[in-house]
Amino acid sequence: FNPVEGSYKLDETVTVTLNAMAYAGNPIDGAEVKYRVVRSAHFPIPYRFWWRPWPETQPAEVVQGESSTDAEGKTSIVFTAIPDAEMSATLNPVFNYTVYADVTDINGETHSAETTVSVGYQALLLDVNIPERVSSSGSKAFELLATNLNGEKLETEVRVEISRIQGPGTWRQDRPWPRPDVLSISKEQYDAFFPHHVYADEDDVSKYPLEKSEYS
């Protein structure tokens, strides 16, 4: 299978191409191709389910069919990226469409291959390699990478804004144990017994308020 280029949206038509080649490197013309596409789902941000069970998802066959290779040993498999209607879009699931193909040449020899196309409610992923702690001395360069859900690089326009955050005011050491499901004592009692330990989410930097924008 060739790599999946570009990005797809749910309910759009997806096309994947397959090459049938002999061991000598020549294309195989007129080979029979039997294929099927199976949908599954995963959640790229699992921490949002720490307090409840993961949503159940069952594999489902989207389409099956047959085709044949052309003179260049190629064929295209086309299907619609149908989402699971029972899975809420607010959970931001990513649906994996696994394409299974069996290719049989005129001599009856069969080989199999598979590939996966990922499609979600968000078609673009951004990744930044900024470490948690950065020295204030000297200038630093950080890489920002944009890809589709299949890991292929994409060219896109990005707006960057860097803001100073307002810290918690008091120093807190790293949590020595997992956060409990139920907080059985008050924050005041906890601080009296375990000063400088995290009570709830004081170590979650994403919840700190912004003071001002430093760069945009």
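Start by selecting Tyr 97: this residue is buried, with a relative accessible area of 0% (buried means under 20%, exposed over 50%, partly exposed in between, with a 1.4 Å probe and protein chains only). Before moving on, know that this is a predicted model, where local features need pLDDT of at least 70, side-chain atom pairs count only at pLDDT 80 or more, and totals for chains, interfaces and linings use all residues. Residues are numbered from 1 along each chain as its sequence is written, and side-chain values use heavy atoms, with hydrogens and water left out.

The structure holds 5 aromatic pairs (ring centres of Phe, Tyr or the six-membered ring of Trp within 6.5 Å; planes under 30 degrees apart are stacked, over 60 edge-to-face, the rest tilted). Phe 79 and Tyr 97 make a tilted one, 5.6 Å centre to centre with 40° between the planes. Phe 79 sits in strand β4 (residues 74-80) and Tyr 97 in strand β5 (residues 94-104), 18 residues apart (strands are DSSP runs of E, at least two residues, numbered from the N terminus).

Now pick Phe 95 and Tyr 121. Their ring centres are 6.4 Å apart and their planes at 65°, so this pair is edge-to-face. Phe 95 lies in strand β5 and Tyr 121 in the loop between β6 (110-120) and β7 (125-128), so the pair ties together parts 26 residues apart in sequence. Is each one buried or exposed? Phe 95 is buried at 1%, while Tyr 121 is partly exposed at 38%.

Last stop: select Tyr 190, Phe 193, Phe 194 and Tyr 199, which ring pairs link into a cluster.

Note on methods. Helices (H or I, at least four residues) and strands (E, at least two) are DSSP runs, numbered from the N terminus.
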